[in-house]
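Please find below a short note on the structure under review.

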Amino acid sequence: MINYYNMILHELDLGHEWMPTVGSLTVTLVVIGVGFYFKSAIQKDAGDIVPNGKFSLRYLLEVILEFVYSIGKDNCGDNYRKYLPILSALFVFILFCNLSGLVPGFPPPTENMSHNVAMGLVAFLVYNYAGYKEHGFGYIKTFMGPVLAIAPLIFVIELISHASRPLSLGLRLTGNIFGDHILLGVMTGLAKLVVPSALMFFGLLVAVMQSFVFTLLTALYISMAVSHDH
Amino acid sequence: MSKVISRVVAVFTGLLFGTLAFGQEPEMVVQAINLAPLGASVAIGLAAYGAASGQGRTVAAALEGLSRNPQAKDAMNTPMILGLVFMEFQALLGFVIAYLLLN
């Protein structure tokens, strides 16, 4: 099976374990390029509210970012504008990572567990920092539960629950993308021509769905950390 | 009752000495069977069965509620997707275990 990342690694005399790093770097460069294009396209015709009727990457990105905006607005509470950058960065990056797996020869970097748990740890740091900024040192009270007598028990349970969040975020994304990629590989081996394209459509759905789920869960964790009802 | 107990004890004693007797045979052929593919198949099958059953019930209930009250679509969408995701995660754990069993 063709794998362009392995070809690059073979040229650089690096081992197989660097493949998700190279894939992530490639996708990061693509996302940075797309971001600069989007910025220049917005600055070029600033002030036009009505779209000019032609399909371009700019309007596609506007649809995507409007979707992320609705996720943040529905879930993140009143000060949702602060959390829109991290949410849109996560969504666009995971979406591009997942979609790069649909191009033959480019394995998606999100099928590696370490890549995804790293993103889950970023989400973990972000929502804990948001909770700390919102509550100050009283943020530790949200771990304690309402009754002081059983606070040590609740604290341990909450600690386990919070520690499992980045793991479950990473494992969910890994399992979906890796399973989808394996299914695509097996079906390509069985039937060379028509059947894999149907599975590629299914992979498109999985890619969009998983980036949506990762962003939605991050938004929900942020809203749980900054809420005042404890 | 004591007769039953004594019979059970006798049967287990016989089994115990039977294995000892087998163990003393010098040319016993031990054939190791790799049961890992069987375990992986059972794991992914049960995980897929449970997740599909739960997701089917969820979507059926959501569609029923949606047909009774179509205006509740926006409020219903996010909790339904969250429930589906958490069910799917169990299936993914089965997939991961099956994959680890085969390697």
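This is a predicted model: local features need pLDDT of at least 70, side-chain atom pairs count only at pLDDT 80 or more; totals for chains, interfaces and linings use all residues.

1. Residues are numbered from 1 along each chain as its sequence is written, and chains are lettered from A and ligands numbered from 1 in the order in which they are written.

2. Chain A contains seven helices and zero strands (DSSP runs numbered from the N terminus: helices are H or I of at least four residues, strands E of at least two). Its pattern along the sequence reads α-α-α-α-α-α-α.

3. The C-alpha trace of chain A spans about 65 × 45 × 35 Å along its principal axes. Of its 230 residues, 29% count as buried (20 or more other C-beta atoms within 10 Å of the residue's own, with C-beta atoms placed from the backbone).

4. Among contacts in chain A with a separation of 6 or more, 67% come from residues 24 or more positions apart; two residues are in contact if their C-beta atoms, placed from the backbone, lie within 7 Å.

5. Helix α4 of chain A, residues 84–100, includes A:Phe93. A:Phe93 is buried because 20 other C-beta atoms lie within 10 Å. Its C-alpha atom is separated by 9.6 Å from that of A:Ile32, 61 residues apart along the chain.

6. Eight residues from chain A and six residues from chain B form the contact. On the chain B side, five are nonpolar, one is polar and none is charged (nonpolar: Ala, Val, Leu, Ile, Met, Phe, Trp, Tyr, Cys and Pro; charged: Asp, Glu, Lys and Arg; polar: the others, Gly among them).

Technical notes. A residue is buried if 20 or more other C-beta atoms lie within 10 Å of its own, exposed if 12 or fewer, and partly exposed in between; C-beta atoms are placed from the backbone.
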